[in-house]
Amino acid sequence: MPNPEVLKWLRTQFFPHMWCPGCGHGVILHAMLRAFVDLDMKPEETVIASGIGCSSRMPGYINACTVHSTHGRSLAYATGIKMARPELTVVDVMGDGDCSAIGGNHFIHACRRNIDITAIVMNNNIYGMTGGQASPTTPHGAIATTAPYGVIDSSFDLCRLAEGAGATFIARSTIANPKQCEKLIVDGIKHKGFSVIEIISSCHTQFGRRNKFRTPIDNLNRIKDASVPFAKAQGMSKEELAGKYVTGEFVNIQSPEYTEQYSRLVDRLKGGSR
Amino acid sequence: MTDVAFWQGNQALAQGALAAGCSFFAGYPITPSTDVMEEMAKELPLRGGKFIQMEDEIASMAATIGGSIAGRKSMTASSGPGISLKQENLGLAYMAEIPLVLVNVMRGGPSTGVPTKISQMDVMQARWGTHGDHGTIAYSPSSVQECFDIAIKAFNAAERYRQPVLILSDEVLGHMREKVVIPPAGSYEIVERKRPCTDKAKFIPYLADPEDDIPAMASFGDGYRWHVTGLTHNDFGFPSAKEDEVEKNIKRLVRKINRFRDDIVEYETLAIDDAEIVVLSFGTVARSSIRAVNEARRRGIKVGHFRPVTLWPFPDKEIYQIAKKSKIIIVPELNCGQMVLEVERAVHGKTKVIGKSLVNGELFTPDEIFKSIQEVA
Ligand SMILES: Cc1ncc(C[n+]2csc(CCOP(=O)(O)OP(=O)(O)O)c2C)c(N)n1
Ligand code: SF4
């Protein structure tokens with residue numbers, strides 16, 4: 001049972017939730033709510049935006065200011081909200097397809113702008129909601145309904161994508177390490193600027209089932225076995241790291257935040273200088 | 001003090017929006033609408049409002065919705081391909097009942113079409129562009145003054161009826177300069193969205209007032225918690241696929257506009273009372289038509305003009321009344337025959353309707369319309 005502080009953040013009237021029993025996304029929801037409690041955040045001042053997907057159904061369960069937007073576009077909605085009211089804490093939750101396929105453009109531009117939004121990418125390596133089609137993070141060779149003979153595409157490393165695009169806080173954890181998820185979400189929200197926290201999730205129903213990891217536990221073990229802490233990864237070769245999930249904090253730098261720059265611009269204009 | 005300006009249509013749209021209290025604009029450049037965005041980029045930061053250039057039109061529409069959810073009167077503007085890109089998120093704004101103004105400075109299509117020339121090809125897209133049923137409000141200005149006035153009206157309608165409102169301008173009007181009389185602040189009506197006055201814990205975000213079918217809207221950050229979704233939802237704003245709740249949701253979206261149809265519909269007539277021939281046109285085309293009608297009147301032809309100011313809701317009842325008294329209605333428009341379909345529907349066979357279409361990127365000259373009048377006189 002979650003602690004009562006966490007329960008306060010939930011719209012418990014909608015339980016049981018729509019996720020398959022054993023879906024990895026629930027672990028992320030719990031870690032995120034614990035992070036909110038740790039930070040003593042106020043639901044009326046917290047916005048959670050999402051796109052479309054199993055992962056994106058998350059805001060519906062959170063008793064805050066929530067937006068279940070369109071597939072891939074949540075960061076653009078979140079950007080409008082943050083821009084209109086910078087005092088709000090804005091968290092954006094996305095699936096891997098949401099973030100890096102249909103929403104890839106919004107993702108890189110949110111990184112570039114360094115707007116103070118915390119993006120949590122729930123990467124289960126598949127399109128869960130629509131029934132197991134390949135996503136840009138489905139591993140090479142894996143089976144998906146739209147790649148019945150194995151995926152021939154290369155997959156994205158979302159953290160490196162975020163780094164190249166200019167995000168100023170980037171980290172990765174997995175559902176096998178909920179404590180680390182919680183800590184990284186806390187740090188990401190505290191960080192002033194665009195934060196990306198990729199959390200390796202699991203979808204036994206649509207990914208595992210077709211790829212020899214039938215049960216939730218099989219998938220958890222798969223993720224555990226493939227996890228490599230950042231420090232350890234430093235001493236490993238590219239070949240050794242193939243198929244591994246490197247975890248930890250990768251980037252944490254201070255850089256001017258977008259809405260602060262905008263308000264400085266407004267102040268400058270008030271002073272009469274252009 | 002009444003001020004006078006000499007503005008382009010696009011500038012007047014932006015200035016009208018500001019006069020209506022618009023404090024948020026998100027956009028992406030595209031000809032021939034870009035000047036609206038550039039005017040906002042210049043003006044909003046000076047007034048402490050928010051301006052943001054987004055990565056594309058999809059994002060611009062989304063951010064505009066975000067700005068409105070967070071309580072600001074919000075606008076975006078685009079043309080042609082950009083308007084097509086906005087359609088999915090526009091649908092969310094209809095579904096979640098988010099007030100905003102979308103300006104479409106029309107250019108020719110389909111696809112890239114003729115970016116720098118006039119067209120009126122988006123009449124039906126304005127009504128049915130996004131998937132699904134909803135009521136539509138779309139205004140069409142025909143002078144720079146009207147660009148300014150309609151921007152204010154569009155915001156008022158968006159706030160009152162809690163939904164997106166479209167303005168269909170065009171390339172010629174957007175870039176034409178005319179005198180604009182700017183009414184002093186306080187001399188024109190400004191509508192603000194209905195805010196909830198209930199206890200924050202008891203707030204039911206989509207519980208509509210039976211008086212008007214419009215629920216009060218709280219802003220994120222005002223202490224209320226609510227859920228915005230593009231899924232059909234119940235009064236609590238939570239997703240529902242229950243037959244009765246789905247039906248109630250969709251029917252109300254359509255009804256809230258239908259029931260105020262008479263308040264929303266606007267049109268302008270000229271020499272219509274004894275007219276046997278009626279020219280019916282909108283936007284910039286109406287300027288040529290009116291010139292032609294005046295000329296024909298001077299020559300003793302009993303002709304009048306009808307100009308829909310709201311393309312949607314379409315002034316069908318009013319046109320029916322005119323149809324009963326006239327012999328023929330000529331509908332010149334810069335497309336292959338879109339509004340003429342609505343006119344045919346509106347007249348119920350009471351009079352003859354003929355369309356006149358031009359799609360070469362040029363505007364009808366008054367002479368061309370005059371000839372059409374002469375042909376049927
Ligand atoms: C514009 C649009 N295209 C396609 C879809 C169908 N669709 C719904 S969810 C989804 C994929 C979701 O995958 P992901 O983002 O990885 O989230 P997951 O369900 O795996 O959590 C797709 C393709 C949609 N809703 N909207
Ligand atoms: S289909 Fe996959 S992602 Fe969706 S709820 Fe089930 S396990 Fe989770």
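Which residue forms a salt bridge with Glu146(B), and how far apart are the closest N and O atoms? The partner is Arg307(B), and the closest N and O atoms of the two residues are 2.9 Å apart. Please keep in mind, as you read on, that this is a predicted model.

## The two domains of chain B

Let us begin with how chain B is divided. The domain assignment gives domain 1 of chain B as residues 3-182 and domain 2 of chain B as residues 266-376. Taken over C-alpha atoms, the centres of these two domains are separated by 26 Å. Domain 1 of chain B brings 28 residues to the contact, and domain 2 of chain B brings 23 residues.

Between them the two domains bury about 2,200 Å², with 56% of that area on carbon and sulfur atoms. On the side of domain 1 of chain B, the residues that lose the most area to domain 2 of chain B are Gln120(B), Val123(B) and Met124(B), which together make up 28% of what that side buries.

Of the side of domain 1 of chain B that touches domain 2 of chain B, α5(B) gives the most, with four residues. Sorted by class, the residues of this side are 15 nonpolar, six polar and seven charged.

## Where chain B meets chain A

Now to the contact between chains. Here 41 residues of chain B are in contact with 40 residues of chain A. The two chains bury about 3,200 Å² between them, and 60% of this area is on carbon and sulfur atoms. In chain B, Glu55(B), Phe220(B) and Arg225(B) lose the most area to chain A, together 21% of what that side buries.

Glu55(B) also takes part in a salt bridge, in which its side chain meets that of Arg113(A). Across the interface of chain B and chain A there are three salt bridges, and 21 residue pairs are in polar contact between the chains. Two or more residues of the chain B side come from each of α2 (34-46), β3 (50-53), α3 (57-69), α4 (80-96) and β10 (227-229) of chain B. The largest share of that side is supplied by α3(B), with eight residues. By class, the side of chain B that touches chain A holds 22 nonpolar, twelve polar and seven charged residues.

## Salt bridges

Side chains of opposite charge can pair when their charged atoms come close. Over all chains, a search of the whole structure finds 43 salt bridges. Here are some of the pairs:

| Pair | N to O distance |
|---|---|
| Arg307(B) and Glu146(B) | 2.9 Å |
| Arg113(A) and Glu55(B) | 2.6 Å |
| Arg172(A) and Glu198(A) | 2.9 Å |

## The ligands

Ligand 1 is surrounded by 18 residues, and the closest are Cys54(A), Ser55(A), Gly97(A), Asp98(A) and Gly128(A). The residues around ligand 1 come from chains A and B, so the site is shared between chains. A backbone N or O atom of Cys54(A) lies 2.8 Å from an oxygen atom of ligand 1. An N or O atom in the side chain of Asn124(A) is 3.0 Å from an oxygen atom of ligand 1, and a polar backbone atom of Ile126(A) is 3.0 Å from an oxygen atom of ligand 1.

The residues around ligand 2 include Trp19(A), Cys20(A), Cys23(A), His25(A) and Cys203(A). Cys54(A), Asn124(A) and Gly128(A) are also among them. The shell around ligand 2 has five nonpolar, five polar and no charged residues.

## Backbone details

Two cis peptide bonds are worth a look. One runs from Phe15(A) to Pro16(A), with omega near 5°, and Pro16(A) lies in the loop between α1 (4-7) and α2 (25-38) of chain A. Another runs from Thr31(B) to Pro32(B), with omega near 0°; Pro32(B) is in the loop between β2 (24-27) and α2 of chain B. Finally, Arg162(B) has a positive phi of about 55° although it is not a glycine, and Arg162(B) is found in the loop between α6 and β8 of chain B.

Conventions. Residues are numbered from 1 along each chain as its sequence is written. Chains are lettered from A and ligands numbered from 1 in the order in which they are written. This is a predicted model: local features need pLDDT of at least 70, side-chain atom pairs count only at pLDDT 80 or more; totals for chains, interfaces and linings use all residues. Side-chain values use heavy atoms; hydrogens and water are left out. Domain bounds come from an automatic or database domain assignment. Contact means heavy atoms within 4.5 Å. Buried area is the accessible area (1.4 Å probe) that two parts lose on being put together, summed over both. A salt bridge is a side-chain nitrogen of Lys or Arg within 4 Å of a carboxyl oxygen of Asp or Glu. Ala, Val, Leu, Ile, Met, Phe, Trp, Tyr, Cys and Pro count as nonpolar, Asp, Glu, Lys and Arg as charged, and the others, Gly among them, as polar. A residue is near a molecule or strand if one of its heavy atoms lies within 4 Å of it. A polar contact is a pair of N or O atoms within 3.5 Å; within protein, one must be able to donate a hydrogen and the other to accept it, and residues adjacent in sequence count only if both atoms are side-chain atoms.
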